[in-house]
Amino acid sequence: MRVRRPLTADFGAEVEDVDLTQPLSGDMVKAFADMLYRHALLLVRAPHFAPTHQAALARALGRPKDETRKEFAIPGFPMICRLGNATDAAGQPTAFFNRQGEEWHSDGAGSGDISGITMLYALDVPREGGETMYASLHAAWDTLDPATQARIRPLRTLHSFNWHNDKILRRSPGAARPLSPAERAAIPDRRYDLVQTHPITGRTLYYVSPNLVREISGLDETERDALVAQLIGHASAPERIYRHRWSPGDLLVWDNNALMHSATDVSAYVDDRRLLHRSFTVPPSRVG
Ligand SMILES: [Fe+2]
């Protein structure tokens, strides 16, 4: 397994000489995890990567989490969710389709699993659009002006998945069933330090998923929204992001503590089908 090319100057690598359809050895998993934390985002061209291989890699890297939107989980693989605009012959959705478009976030921000690893595997790719964008929270911190660094260091955030999910369902009626009271209760609101030290790399970052942030300590709603917009705008400046144009068989694996990601405008591919398999796994406190 080795780097074929970097994806940006700060993060991301396309890797080669790795076959994820073969049984995973301990050495191979360690090399994969080491490379993942070094680069934060790995691209693997994996044309025959089936759900059974995705589940095996998810288990090798940590503790896979079962999908919250269970109606779109793959039968037999509760940790793998179908994402995209796929429908059945009757026009009913067979994948979770969030129409929000651009929406920077880290997976796991709402569930408390901020170190989670996401895998996204492309099956069907539209001819235009449907890209996924990535931004480094480390690079964002490192390039932030010192006055803003000092201002945000002591702040705490309240992230709320349910508050966010209610907004999605209002915006995309029918995209998914509303969560039951028990499911909602299983995802309570979470408080985090805004400025954090990555548990594995030791690098400083700021951690914020805009649409989940209900509160920032000491700020009113106007100040909260202004600060979030400033931090996200800085992190996602065009010169710092990686925009992945998917091909069928692409697997992206990323560290949600180090990166934010975002979909792009879904109206770009209304006449084309987009289908990806997503899984999320919570690593042990140290991997590799
Ligand atoms: Fe996501």
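**Around N257 and the iron site**

N257 touches I114, S115, L137, Q196, H198, P199, L205 and Y207, leaving aside residues up to four places away in sequence. Keep in mind that this is a predicted model.

Me: Is N257 buried or exposed?
Reply: Start with where it sits: N257 is in the loop between β15 (250–255) and β16. Its relative accessible area is 2%, and anything under 20% counts as buried. So N257 is buried.

Me: Which side chain does the side chain of N257 join in a polar contact?
Reply: Q196 and H198 are among the residues that N257 touches. The polar contact between side chains is 3.4 Å, and the cut-off for such a pair is 3.5 Å. The partner of N257 here is Q196.

Me: What are the protein donors of the iron ion?
Reply: Look for the spacing H-x1-D-x153-H in the sequence. The donor atoms lie 2.1 to 2.2 Å from the iron ion, and the cut-off for a donor is 2.8 Å. That gives H105 (NE2), D107 (OD) and H261 (NE2).

Me: Is D107 buried or exposed?
Reply: D107 is one of the iron donors. Its relative accessible area comes to 12%, and the limit for buried is under 20%. So D107 is buried.

Me: What volume does the largest pocket have?
Reply: The largest pocket has a volume of about 1100 Å³. Of its 47 lining residues, the closest to the centre are R69, H105, D107, F161 and R278. The lining divides into 16 nonpolar, 19 polar and twelve charged residues. The volume asked for, then, is about 1100 Å³.

Definitions and conventions:
Residues numbered from 1 in each chain as written. Predicted model: local features only at pLDDT ≥ 70, side-chain atom pairs only at ≥ 80, totals over all residues. Heavy atoms only, no water. Donors = N, O, S within 2.8 Å, 3.2 Å for Na, K, Ca; no water. Buried < 20%, exposed > 50% of the residue type's maximum accessible area, 1.4 Å probe, protein only. 1 Å grid on protein atoms, 1.4 Å probe; cavity = no way out; pocket = protein on both sides within 12 Å on 5 of 7 lines; lining within 4 Å. Points joined across faces, edges and corners; volume = space filled by probe spheres on them. Nonpolar A, V, L, I, M, F, W, Y, C, P; charged D, E, K, R; others polar. Helix = DSSP H or I, 4+ residues; strand = E, 2+ residues; numbered from the N terminus. Polar contact = N/O pair within 3.5 Å; in protein donor to acceptor, adjacent residues only side chain to side chain. Contact = heavy atoms within 4.5 Å.
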